[in-house]
Amino acid sequence: MNSKIIATDFDNVLHDLSDGFKDGMLYGQPIKGAREALSLLIDQGYTPVVFTTRKDLKAVAIWLRDNEFPMVEVTNTKPIAKFYIDDRGLRFTAWADMLRYIL
């Protein structure tokens, strides 16, 4: 495990997708505190990596730049990281717990 990489999802973690996916365009505003959080992680020696299932990674990188985020890697592959920040994640404890949550 790389102890310096913090993997963060894009939609609803950095990019506000509260109006839904629509046509896949990047229309949302930054999530409050997201820019500052990524900057703080970098200042503390971490390497944030943005992962997304969006096909157009270049558009995501441009949106991040245009919204004054620090320069970070953007990928569609979940990297090996110390932490994963995702709005749809479940913390695994045991399969019985997961099934109770899902079902």
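**Briefing on a predicted single-chain model**

Arg100 and Asp97 both belong to helix H3 (residues 95-102), where they sit three residues apart, about one turn of the helix. Helices (H or I, at least four residues) and strands (E, at least two) are DSSP runs, numbered from the N terminus. This is a predicted model, in which local features need pLDDT of at least 70 and side-chain atom pairs count only at pLDDT 80 or more, while totals for chains, interfaces and linings use all residues. Residues are numbered from 1 along each chain as its sequence is written, and side-chain values use heavy atoms, with hydrogens and water left out.

**Overall architecture**

- The chain contains three helices and four strands, arranged along the sequence in the pattern β-α-β-α-β-β-α.
- Its C-alpha atoms fill a box of roughly 45 × 35 × 25 Å along the principal axes.
- Of the 103 residues, 32% are buried (buried means under 20% relative accessible area, exposed over 50%, partly exposed in between, with a 1.4 Å probe and protein chains only).
- Among contacts (heavy atoms within 4.5 Å) between residues at least 6 apart in sequence, 68% join residues at least 24 apart.

**Salt bridges**

- The whole structure holds three salt bridges, each defined as a side-chain nitrogen of Lys or Arg within 4 Å of a carboxyl oxygen of Asp or Glu.
- Arg54 and Asp11 form one of them, at 2.9 Å from N to O. Arg54 lies in the loop between strand E2 (47-51) and helix H2 (57-66), and Asp11 in the loop between strand E1 (5-9) and helix H1 (34-43), so the pair ties together parts that are 43 residues apart in sequence. Both Arg54 and Asp11 are buried.
- Arg100 and Asp97 form another, at 2.3 Å from N to O. Arg100 is exposed at 59% relative accessibility, whereas Asp97 is partly exposed at 30%.
- Arg65 and Asp66 also pair, at 2.9 Å from N to O, and Arg65 is exposed with a relative accessible area of 56%.

**Nonpolar cores**

- A nonpolar core is a set of buried Ala, Val, Leu, Ile, Met, Phe, Trp, Tyr and Cys residues joined through side-chain atoms within 4.5 Å.
- The largest such core has twelve residues: Phe10, Val13, Leu14, Ala34, Leu38, Val50, Val60, Trp63, Leu64, Phe69, Val72 and Val74. H1 and H2 each supply at least two residues of this core, and H2 gives the most, with three.
- Apart from this core lies another, of five residues, among them Ile5, Ala7, Val49 and Phe51.
- Leaving aside residues up to four places away in sequence, Leu14 touches residues including Ile31, Ala34, Leu38, Val50, Trp63, Leu64 and Phe69.

**Backbone angles**

- Most residues other than glycine have a negative phi.
- Asn12 has a positive phi, near 65°. Asn12 lies in the loop between E1 and H1 and is partly exposed, with a relative accessible area of 33%.
- Glu68 likewise has a positive phi of about 65°. Glu68 is located in the loop between H2 and strand E3 (73-75) and is exposed, with a relative accessible area of 64%.
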